[in-house]
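Hello,

Here is the structure I promised to pass on to you. Have a look at it first, and my notes follow below.

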Amino acid sequence: MYAESLVSFYEDDVVSDFLLKSSTAFEAAIKGYGTSSITKLLDRRHNAAVGDLLEEPAKIDLSVAKSYRELDEADDLVYRMYSARGYSVAEPGSQPRPARKEARRESVIIGRIGDRVVGTVTVGIDSPNGLLVDEGNADAIDRLRRRGMRLGEVVRLAVDEELDSRRVLASLFNAAHGVMEANRLDHVFIEVNPRHIAFYRRALCFEVEGEERVCPRVGAPSLLLRMRVANLTSKIGQLEKALVDFPLG
């Protein structure tokens with residue numbers, strides 16, 4: 001059941017613009033670096049630099065889809081990457097898009113290198129139309145709704161397999177974090193394959209919130225995770241500061 005204040009929380013359109021943190025800080029998180037490991041790796045080297053940890057990434061342009069053409073591009077990448085892994089996912093264009101009043105509130109983020117779409121992720125924003133993760137997880141999510149929390153979800157994450165997936169992931173979650181902050185979200189949910197739990201806990205501050213089940217959207221095992229947005233903000237801020245401050249000399 002939705003808190004009565006939820007409607008006033010989200011009565012305006014979703015904020016789609018985002019402010020990016022340092023891309024290197026997110027890449028450090030994705031690759032498993034913490035402030036202590038950065039200290040050890042950089043401080044012991046003469047004239048150490050961030051480049052000793054992270055190569056110069058290819059330029060990835062990030063934007064929020066604002067046209068049906070861009071939404072179709074994101075759908076196509078999700079379909080190709082998910083179907084290649086054996087997940088059950090609808091072909092692009094096979095289902096009509098919902099009317100505005102029935103649609104979930106979301107920002108579809110697209111990453112490009114040149115004209116090529118290399119990654120996408122969708123940040124859903126809670127509203128009276130709910131979240132995708134409500135299906136099968138409503139009890140866990142409603143507990144936070146009743147406390148008046150601003151909630152969101154990360155869904156439809158896909159990265160082109162021909163690229164360094166860690167760099168693309170870092171860029172996508174950088175933008176996703178910006179959308180979360182812009183919408184002042186308190187908690188964000190994600191459903192992942194149980195094999196990937198360790199990565200999401202280590203890199204992005206997610207914690208297990210539910211029990212393993214089969215996700216009906218992709219027909220594969222999944223586990224609900226929850227992240228307190230402030231925790232990711234703090235972690236990325238600490239990594240960003242460490243990367244700027246070191247080497248200590």
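**Salt bridges and confidence**

Asp 134 counts as buried, at 15% relative accessibility (buried means under 20% relative accessible area, exposed over 50%, partly exposed in between, with a 1.4 Å probe and protein chains only). Its side chain meets that of Arg 145 in a salt bridge of 2.8 Å, N to O (a side-chain nitrogen of Lys or Arg within 4 Å of a carboxyl oxygen of Asp or Glu). Arg 145 is buried too, with a relative accessible area of 2%. Asp 126, Asp 134, Asp 142 and Arg 145 are linked in a network of salt bridges.

This is a predicted model, where local features need pLDDT of at least 70, side-chain atom pairs count only at pLDDT 80 or more, and totals for chains, interfaces and linings use all residues. Residues are numbered from 1 along each chain as its sequence is written, and side-chain values use heavy atoms, with hydrogens and water left out.

The structure holds 16 salt bridges. Another one of them joins the side chains of Arg 156 and Asp 75 (2.6 Å, N to O). Arg 156 is partly exposed at 31% relative accessibility, whereas Asp 75 is buried at 17%.

A further salt bridge pairs Glu 27 with Arg 167 (3.9 Å, N to O). Glu 27 is buried, at 3% relative accessible area, and Arg 167 is buried at 15%.

As for confidence, the mean pLDDT of the protein is 84 (pLDDT is the predictor's confidence in each residue, from 0 to 100).

Best wishes
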